Amino acid sequence: LDDETVKIIEDFQTYYKLEITGEPNDELENKVDSLINSPLQNGFLTDEAKVIKEKLVELGFADWENPNRFFGSETEDAVKYFQSYYGLVNHGIVDTVTEEKIDEVLNSPVQRPNRNEESQEVKEQLVFLGFADWDDPNDYFG
């Protein structure tokens, strides 16, 4: 293998948290196959696609009224938008990295309509930086 190929394989292994060998192996091949055959990509009809679409709507990356089970080009575009926004590999497939990031963002304590210390800290920081002028920021993220 040439140096460029080894580097690309290492980058892939790092991104997907595989053992970094820089060489093709069963683990690498299995991961590639799972991505290529993923039902969470353009052209598939699955219950999981509907769930992902609902999550993308909740996060503001899409605006479907009643998401269906079809993962089409609009879904792929929304996934690519999400991936690009969060600095992920922008291939439009909902891989483990993308799904973990979606869930991480959805479970963040600092979002509507939560009440918590983290929300209050963000508000205090925004006041300090001159972006807001609340006298006594509360813990509600509205």
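At what angle do the axes of helix 4 and helix 5 cross, and within what distance do they come? The axes of helix 4 and helix 5 (residues 96–106) cross at roughly 75 degrees and come within 11 Å. Helix 4 is therefore roughly perpendicular to helix 5 (angles of 65 to 115 degrees count as roughly perpendicular, under 35 as roughly parallel, over 145 as roughly antiparallel and the rest as oblique). Axes here are lines fitted to C-alpha atoms, for helices over the stretch in contact, with angles running from 0 to 180 degrees between N-to-C directions. Helices (H or I, at least four residues) and strands (E, at least two) are DSSP runs numbered from the N terminus.

The model is predicted: local features need pLDDT of at least 70 and side-chain atom pairs count only at pLDDT 80 or more, while totals for chains, interfaces and linings use all residues. Residues are numbered from 1 along each chain as its sequence is written, and side-chain values use heavy atoms, with hydrogens and water left out.

In the contact between these helices, Val-79, Phe-82 and Gln-83 of helix 4 meet Thr-98, Lys-101 and Ile-102 of helix 5, where contact means heavy atoms within 4.5 Å. By class, three of the residues are nonpolar, two polar and one charged (Ala, Val, Leu, Ile, Met, Phe, Trp, Tyr, Cys and Pro count as nonpolar, Asp, Glu, Lys and Arg as charged, and the others, Gly among them, as polar).

Phe-82 leads on to the aromatic residues. At 0% relative accessibility, Phe-82 counts as buried (buried means under 20% relative accessible area, exposed over 50% and partly exposed in between, with a 1.4 Å probe and protein chains only). The whole structure contains eight aromatic pairs; rings of Phe, Tyr and Trp (its six-membered ring) pair if their centres lie within 6.5 Å, and planes under 30 degrees apart count as stacked, over 60 as edge-to-face and the rest as tilted. One of these is the edge-to-face pair of Phe-61 and Phe-82, with 5.1 Å centre to centre and 75 degrees between the planes. Phe-61 lies in the loop between helix 3 (47–58) and strand 2 (70–71), and Phe-82 in helix 4 (residues 73–85), so the pair ties together parts that are 21 residues apart in sequence. Phe-61 is also buried, at 11% relative accessibility. Phe-82 forms a tilted pair with Tyr-86, at 4.8 Å centre to centre and 45 degrees between the planes. Tyr-86 is partly exposed, its relative accessible area being 27%.

Ring pairs join Phe-61, Tyr-81, Phe-82, Tyr-85 and Tyr-86 into a cluster. Within this group, Tyr-81 belongs to helix 4 and is partly exposed at 47%.

The loop that holds Phe-61 also contains Glu-65, which is exposed at 82% relative accessibility.

Two lysines sit over tryptophan rings. The charged end of Lys-53 is 5.1 Å from the ring centre of Trp-64, and Lys-123 lies over the face of Trp-134 at 5.2 Å. A charge sits over a ring if NZ of Lys or CZ of Arg is within 6 Å of the ring centre and within 35 degrees of the ring normal.

A further helix contact lies at helix 1 (residues 3–15) and helix 2 (residues 26–36), whose axes come within 11 Å and cross at roughly 70 degrees. Helix 1 is thus roughly perpendicular to helix 2. Ile-9, Phe-12 and Gln-13 of helix 1 meet Leu-28, Lys-31, Val-32 and Leu-35 of helix 2, and this contact comprises five nonpolar, one polar and one charged residues.
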